[in-house]
Amino acid sequence: HRMGVDPNRTVHDVITHPVTFEVNPCDVRIYGWKDYRGFKEEFTANLHEDGHGLHHLGFSSEWAHTPMARSGSFGISESQSTFWERIVGGSGPFWTFYYPFLQERVPELLGSRAWMQMYRAMNAVHPGPKRVGADTLTYILHILIRTRIETNLFNGVMNVEDIPDAWNEMYRDILGVVPANHAEGCLQDGHWAWGAFGYFPSYAIGLMMAAQITKRMELDFNLWRQVEKGQFGLITNWLRTNIHQKGGAYTADELVQEVTGSSLSADSLCKIVVDRLSYVYD
């Protein structure tokens, strides 16, 4: 609710795989995880879906029930979820604010540990088999593996029955891990099951966009001071004005140029990752 998710127009529930969708402008369904995978995966997945929910709620009311009341691209959509999940939720100011609440609720787990330990844990690099909850540095590699498999499928280089072995081989070669089973491996995402082929690169595009938008936002107001105080209203209003209300009027390339004055680039994302890892690993 601090983020601005309207409880009168949303439903929160749990599901096998996190997802958010809009039934109509007054009915946005946000599904996350609870008591399912572990704190980091649950927390990041739920924050991610809340970002999607905010985006759906922010479309201009004058475009309701029209094709304009949706994102101009999947990359734009994922930039809004990734902004809250990784840019804000992975930041030091966020954990300065949020950590005391966690300590109050699970003192037996966190005790008197400092917020810096949680910040380091959320940003530490740990290659693993799961995309959701992966650290930001290795996250892009999860996308790379899926994109290579999709490309091979549609180019006729690979058949569907080849996916499990190819998946495990790529995970071993690229991330140094092998899934324990197919549920932890090639069946962990629901995208292919519901026909969303070609979607995965949107996560990488969205992450780059989110970082670049963040740099623009920092020029307009003291973003991290707002985060540190747990006052997210100014942030949500900025996103609503500059991103959400523009709906389907812009492609990803057009929107990032409009908002930031530059074409899409990985530079801002690389700087954020380097800055955070420099702190985590001294």
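Analyst: Axes here are lines fitted to C-alpha atoms, for helices over the stretch in contact, and angles run from 0 to 180 degrees between N-to-C directions. Please keep in mind that this is a predicted model.

User: Fine. At what angle do α2 and α10 cross?

Analyst: Helix α2, residues 74-88, and helix α10, residues 233-242, cross at roughly 165°, and their axes come within 12 Å. Since angles over 145 degrees count as roughly antiparallel, α2 is roughly antiparallel to α10. The crossing of these two helices, α2 and α10, is right-handed.

User: Which residues meet there, α2 against α10?

Analyst: On the α2 side they are Gln80, Phe83 and Trp84, which meet Ile235, Thr236 and Leu239 of α10. By class, the residues in this contact of α2 with α10 are four nonpolar and two polar, with no charged ones.

User: And how do α2 and α8 pack?

Analyst: Helix α8 covers residues 201-220, and α2 packs with α8 at an angle of about 65°, their axes being 7 Å apart. This crossing of α2 past α8 is right-handed. Among the residues making the contact are Phe74, Ile76, Gln80 and Phe83 of α2, together with Tyr203, Leu207, Ala211 and Met217 of α8.

User: What's the class make-up of the α2 contact with α8?

Analyst: The contact of α2 with α8 has twelve nonpolar, seven polar and two charged residues.

User: Switching to Ser268: buried or exposed?

Analyst: Ser268 is buried, because its relative accessible area is 15% and buried means under 20%. Ser268 is found in helix α12, residues 267-280, and, leaving aside residues up to four places away in sequence, Ser268 touches Ala211, Gln212 and Lys215.

User: Now the sheet. What is the strand order?

Analyst: The sheet is open and has three strands in the order β1-β3-β2, with mixed pairing. Strands β1 (10-14) and β2 (19-24) stand at the edges with a single partner strand each, so one side of each is left without a neighbour in the sheet. From one strand to the next, the twist averages 20°.

User: How many bridges join β2 to β3?

Analyst: Five bridges join β2 to β3, which spans residues 27-32, and these two strands run antiparallel. In this part of the sheet, Glu22 has Val28 of β3 as its bridge partner.

User: Which strands does α1 lie across?

Analyst: Helix α1, residues 39-57, lies across β1, β2 and β3, and α1 runs at about 170° to β3.

Terms used:
Residues are numbered from 1 along each chain as its sequence is written. This is a predicted model: local features need pLDDT of at least 70, side-chain atom pairs count only at pLDDT 80 or more; totals for chains, interfaces and linings use all residues. Side-chain values use heavy atoms; hydrogens and water are left out. Two strands pair if DSSP finds at least two bridges between them. Helices (H or I, at least four residues) and strands (E, at least two) are DSSP runs, numbered from the N terminus. Contact means heavy atoms within 4.5 Å. Buried means under 20% relative accessible area, exposed over 50%, partly exposed in between (1.4 Å probe, protein chains only). Angles under 35 degrees count as roughly parallel, over 145 as roughly antiparallel, 65 to 115 as roughly perpendicular and the rest as oblique. A crossing is left-handed if the near helix is turned anticlockwise from the far one by less than a right angle, and right-handed if clockwise. Ala, Val, Leu, Ile, Met, Phe, Trp, Tyr, Cys and Pro count as nonpolar, Asp, Glu, Lys and Arg as charged, and the others, Gly among them, as polar.
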